[in-house]
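Subject: Structure handover

Hello,

My notes come after it.

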Amino acid sequence: MPEASSLRLLTWWAGTVRCAAPTNRIREVLPCPAITPIPCGEPAVRGVANIRGIMVTVVDGRRLIGQPDTEPGAELVLLDLNGQLVGLTIDRVEDLGTVRDPAPGRADSGEGWTVKVGPGDPARLLDPDLLLAPLFER
């Protein structure tokens with residue numbers, strides 16, 4: 001019988017949606033810093049923030065998954081997008097968890113399935129590459 005695989009995830013809330021992403025892509029979670037708006041044409045991009053001397057593009061976590069937003073979330077998840085740091089505003093971090101036998105393959109949207117991580121509602125499994133890369137392609 002094949003050995004079961006597992007995936008370590010960080011869960012958080014973006015609006016009313018519980019989300020999860022693989023921890024190997026997450027560098028840090030910190031309070032949301034001041035964000036300087038930039039004209040870029042992408043509605044999900046909030047602007048840039050100075051994180052310890054590094055300018056980081058900040059993406060609104062609610063807008064990215066189609067949730068309404070009013071102000072940036074209270075926390076910032078720093079993600080590694082192929083060597084580039086990208087900040088994702090979220091409402092609040094929930095927990096770390098492990099999923100056994102995660103769904104195989106990838107969905108075109110980057111959020112194609114849900115996973116059960118710990119107690120509570122299932123979480124929308126996000127693929128940072130599929131969700132964020134289109135915002136940076138020019």
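The notes below run from the whole chain down to single residues.

This is a predicted model, in which local features need pLDDT of at least 70 and side-chain atom pairs count only at pLDDT 80 or more, while totals for chains, interfaces and linings use all residues. Residues are numbered from 1 along each chain as its sequence is written, and side-chain values use heavy atoms, with hydrogens and water left out.

Overall picture

The protein chain has two helices and ten strands. Helices (H or I, at least four residues) and strands (E, at least two) are DSSP runs, numbered from the N terminus. Their order from the N terminus is β-β-β-β-β-α-β-β-β-β-β-α. Of the 138 residues, 43% count as buried. Buried means under 20% relative accessible area, exposed over 50%, and partly exposed in between (1.4 Å probe, protein chains only). The accessible surface is about 7500 Å², and 53% of that belongs to carbon and sulfur atoms. Areas come from the Shrake-Rupley method with a 1.4 Å probe; for residues, only the protein chains shown count as cover. Take the contacts between residues at least 6 apart in sequence: 54% of them join residues at least 24 apart. Contact means heavy atoms within 4.5 Å.

β1 (residues 6-14) and β2 pair in the antiparallel sense over six bridges. Two strands pair if DSSP finds at least two bridges between them. T11 stands opposite A20 in β2. The two strands form a hairpin with two residues between them. G15 in the turn has a positive phi of about 65 degrees.

β2 (residues 17-22) is mostly covered, with six of its six residues buried. V17, C19 and A21 point one way; R18, A20 and P22 point the other way. In a regular strand the side chains alternate between the two faces of the sheet. β2 also pairs with β10 (residues 123-125), in the parallel sense over two bridges. There, R124 is the bridge partner of C19.

A14 sits in β1. It is buried, with a relative accessible area of 1%. Leaving aside neighbours within four places in sequence, A14 is in contact with C19, G61, R62, I65, Q67 and D91. A14 and R63 are 49 residues apart in sequence but 8.9 Å apart in space, C-alpha to C-alpha.

The five-stranded sheet

Five strands form an open, mixed sheet in the order β3-β6-β7-β5-β4. β3 (26-31) and β4 (45-51) each have a single partner strand, so one side of each is left without a neighbour in the sheet. Neighbouring strands are turned by 30 degrees against each other on average, direction ignored. β5 (residues 54-60) and β7 (residues 84-90) run parallel, joined by four bridges. T57 stands opposite V86 in β7.

Helix α2 (residues 128-136) packs on this sheet, touching β4, β5, β6 (75-81) and β7. Its direction makes about 85 degrees with that of β6. Axes are lines fitted to C-alpha atoms, for helices over the stretch in contact, and angles run from 0 to 180 degrees between N-to-C directions.

The cavity

There is one cavity of 30 Å³ or more. A cavity is a set of points on a 1 Å grid over the protein atoms alone where a 1.4 Å probe fits but cannot get out; lining residues have an atom within 4 Å of a point. The largest cavity holds about 50 Å³ of space. Grid points are joined across faces, edges and corners, and the volume is the space filled by probe spheres set on the points. The lining consists of W12, A21, L64, L79, L88, L126, P128, L131 and L132. α2 gives the most to it, with three residues.

Best wishes

How values were computed:
1 Å grid on protein atoms, 1.4 Å probe; cavity = no way out; pocket = protein on both sides within 12 Å on 5 of 7 lines; lining within 4 Å.
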